[in-house]
Amino acid sequence: DGVIVPGGFGMRGVEGKIRCVEQARLNKVPFLGICLGFQVVVIEYARNVLGFKDAHSAEFDPATSHPVISELPDQKRIEGIMGGTMRLGGQDVLIEPGTLASFLFGNRPQVRERFRHRYEVDPTFIDALTGAGLVFSGRHPKHPIMQVLELPQSVHPFFVGAQFHPELTSRPLDPQPLFMGLVAAALQRA
């Protein structure tokens, strides 16, 4: 009644995750993508909605002509200095008013979530993705870094992705809002 595509590293299983996203999107199955799950949503959408058939992450296909997921230039510059480019720990996320994410987070304009990733939505593709209906409902406060995505509820009952890891802040008596939303949508579908 609901699908989670979790985070992960490496190429293993990525094409299957992309197909899982496609099936959840087309069949209106409540969906939550976490970290790599967020990234494969962008890849799937670019391939199957925008028609960029070779769209991929630069992590998995450095030769793609549509690297919709890539390391941002600021991350590449610090690699030699700090030994890595991973974004780790607590980061602020600006939430777009009027979105499903805003509703789930109690209409708060900003939340703080925990991250652990290296690759991001490439800013050069943001306009094309949003022009085709994908909503980036959570963003970094200062940089063009997309952190939450969704499809409008008029298109899909619950289709959300988060670049952060909601499981790191969820507690048994205080569940993270994205999990609550997924469970509520899955119960509705059931």
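This is a predicted model: local features need pLDDT of at least 70, side-chain atom pairs count only at pLDDT 80 or more; totals for chains, interfaces and linings use all residues.

Reader: OK, so which residues of β2 point which way, and are they buried or exposed?

Author: In strand β2 (residues 31–34), Phe31 and Gly33 point one way while Leu32 and Ile34 point the other way, and all are buried. In a regular strand, side chains alternate between the two faces of the sheet.

Reader: What does β2 pair with?

Author: β2 pairs with strand β1 (residues 3–5) in the parallel sense over 3 bridges, and with β10 in the parallel sense over 4 bridges. Phe31 stands opposite Val3, and its bridge partner in β10 is Phe159.

Reader: What hand does the β1, α1, β2 unit have?

Author: Right-handed: β1, helix α1 (residues 14–26) and β2 make a β-α-β unit of that hand.

Reader: What lines the largest cavity?

Author: 10 residues, with Gly8, Phe9, Gln39, Glu59 and Arg118 nearest its centre. By class, the lining has 4 nonpolar, 3 polar and 3 charged residues. α2 (36–48) and β6 (110–117) each supply at least two of the lining residues.

Reader: Which side chain does Gln39 have a polar contact with?

Author: That of Gln163, at 3.3 Å. Gln163 lies in the loop between β10 (159–162) and α6 (177–189).

Reader: And why call Gln163 buried?

Author: Because its relative accessible area is 0%, and the cut-off is under 20%.

Terms used. Residues are numbered from 1 along each chain as its sequence is written. Side-chain values use heavy atoms; hydrogens and water are left out. On a 1 Å grid over the protein atoms alone, a cavity is a set of points where a 1.4 Å probe fits but cannot get out, and a pocket is an open set with protein on both sides within 12 Å along at least five of seven lines; lining residues have an atom within 4 Å of a point. Ala, Val, Leu, Ile, Met, Phe, Trp, Tyr, Cys and Pro count as nonpolar, Asp, Glu, Lys and Arg as charged, and the others, Gly among them, as polar. Buried means under 20% relative accessible area, exposed over 50%, partly exposed in between (1.4 Å probe, protein chains only). A polar contact is a pair of N or O atoms within 3.5 Å; within protein, one must be able to donate a hydrogen and the other to accept it, and residues adjacent in sequence count only if both atoms are side-chain atoms. Two strands pair if DSSP finds at least two bridges between them. A crossover is right-handed if, with the strands pointing away from the viewer, the path from the first strand over the helix to the second runs clockwise.
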